[in-house]
Amino acid sequence: MRIILLGAPGAGKGTQAQFLMGKFGIPQISTGDMLRAAIKAGTELGLAAKKVMDEGKLVSDELIIGLVKERIAQPDCAKGFLLDGFPRTIPQADAMKENGIRVDHVIEFDVPDDVIVERMGGRRVHPASGRVYHVQYNPPKVEGKDDQTGEDLVIRDDDKEETVRKRLAIYHEQTKPLVDYYRNEAGQGNCQYHKVDGTQPVEKVSQELASLLA
Ligand code: AP5
Ligand code: ZN
């Protein structure tokens, strides 16, 4: 199964990716997580991405498309994958098509901006696994520690309110057009399009996804 998770920063893509990975046994391809890993490793890609990400802007289409193409070619993606944070611009979606990468489902997480800003203030992440928590809405078993490894949770560099607002503005300008793009694709029978109410509690959203994709 090949799935695109589409939604604003903080809409819950990473959170539901963890659920769907477990349910369907397919890998999560989070371009954000891949870029953060590159920054941590100090690679050339990481150096190029760091400043752009900290400013809440998008990394160039060219860089991202190359990264995703390489990742999708790995053997663990043969059965399917979850795209989290990609495509994020019309050129990225077009590049998928041009490279013959088809998807079965596109899932839009609908969450208003004011809810997002509130959520991001409480987000904590486990960088090594991509697991995501919220101090109030999805707390870890032990404060500040990852449930599975016990390692420290961290606050993302781009979760400052000012940066979140910039990321939201860029989402509306550059990523939201993908809603019409994929509705149109679904209209032509190229994929299925689903819109879910991302303001529901985490478990409710997961239940809805499980029944949509059953
Ligand atoms: P990326 O890492 O992809 O960030 P994002 O898309 O902005 O999305 P987030 O990871 O912030 O949110 P999410 O939807 O995963 O929400 P989460 O589940 O964590 O990208 C970061 C940067 O990398 C970009 O700004 C850009 O610079 C660059 N980049 C990445 N991909 C790119 C691309 N394709 N092209 C160009 N540049 C790219 O949840 C958020 C919080 O809410 C958590 O605390 C969670 O616990 C909580 N939560 C989740 N669901 C619920 C719920 N239902 N109820 C209550 N709380 C909830
Ligand atoms: Zn995420």
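In which helix is Ala17 found? Ala17 is found in helix α1. The model that contains this residue is predicted: local features need pLDDT of at least 70, side-chain atom pairs count only at pLDDT 80 or more, and totals for chains, interfaces and linings use all residues. Residues are numbered from 1 along each chain as its sequence is written, while chains are lettered from A and ligands numbered from 1 in the order in which they are written.

## Overall build

The protein has nine helices and seven strands. Helices (H or I, at least four residues) and strands (E, at least two) are DSSP runs, numbered from the N terminus. The radius of gyration of the protein is 16 Å, close to the 17 Å that the globule rule gives for 214 residues, so the protein is as compact as a globular protein of that length. This radius is taken over C-alpha atoms, and the globule rule is 2.2 Å times the number of residues to the power 0.38. Along the principal axes, the C-alpha atoms fill a box of roughly 45 × 40 × 35 Å.

Of the 214 residues, 33% are buried. A residue is buried if 20 or more other C-beta atoms lie within 10 Å of its own, exposed if 12 or fewer, and partly exposed in between, with C-beta atoms placed from the backbone. Among the contacts with a separation of 6 or more, 72% are between residues 24 or more positions apart. Two residues are in contact if their C-beta atoms, placed from the backbone, lie within 7 Å.

## The sheet and the hairpin

Five strands form an open sheet with parallel pairing, in the order β2-β3-β1-β4-β7. β2 (28-30) and β7 (192-197) stand at the edges with a single partner strand each, so one side of each is left without a neighbour in the sheet. On average, neighbouring strands of this sheet are turned by 20° against each other, direction ignored. The axes behind such angles are lines fitted to C-alpha atoms, for helices over the stretch in contact, and angles run from 0 to 180 degrees between N-to-C directions. Strands of a sheet pair through backbone hydrogen bonds, either parallel or antiparallel.

The table lists pairs of strands; two strands pair if DSSP finds at least two bridges between them.

| Strands | Bridges | Sense |
|---|---|---|
| β1 and β3 | four bridges | parallel |
| β1 and β4 | five bridges | parallel |
| β4 and β7 | six bridges | parallel |
| β5 and β6 | four bridges | antiparallel |

Opposite residues can be named for these pairs. Ile4 stands opposite Leu83 in β3, and Leu5 stands opposite Ile107 in β4. Asp110 faces Asp197 in β7 as its opposite residue. The bridge partner of Arg124 in β6 is Tyr133. The hairpin of β5 and β6 has four residues between the strands, and Gly130 there takes a positive phi near 85°.

Phe86 and Pro87 are joined by a cis peptide bond, with omega about -10°. Pro87 has its place in the loop between β3 (81-84) and α5 (90-98).

Strand β1 (residues 2-7) is mostly covered, with five of its six residues buried. Ile4 is found in this strand and counts as buried, because it has 25 C-beta neighbours inside 10 Å. Not counting residues up to four places away in sequence, Ile4 touches Leu83, Val103 and Val106.

Ala17 is buried as well, with 25 other C-beta atoms within 10 Å. Leaving out residues up to four places away in sequence, Ala17 touches Leu5, Gln28, Ser30, Leu82 and Asp84. Ala17 and Gly130 are 113 residues apart in sequence and 9.5 Å apart in space, C-alpha to C-alpha.

Is Glu151 buried or partly exposed? Glu151 counts as partly exposed, because it has 13 C-beta neighbours inside 10 Å. Its place is in the loop between β6 and α7 (161-175).

## Around the ligand

Ligand 1 is surrounded by 37 residues, and the closest are Pro9, Gly14, Gly32, Gly85 and Arg123. The elements that give two or more residues to this shell are α1 (13-24), α2 (31-41), α3 (44-54), β6 (131-134) and α9 (202-212). A residue is near a molecule if its C-beta atom, placed from the backbone, lies within 6 Å of it. The shell divides into 15 nonpolar, 15 polar and seven charged residues. Ala, Val, Leu, Ile, Met, Phe, Trp, Tyr, Cys and Pro count as nonpolar, Asp, Glu, Lys and Arg as charged, and the others, Gly among them, as polar.
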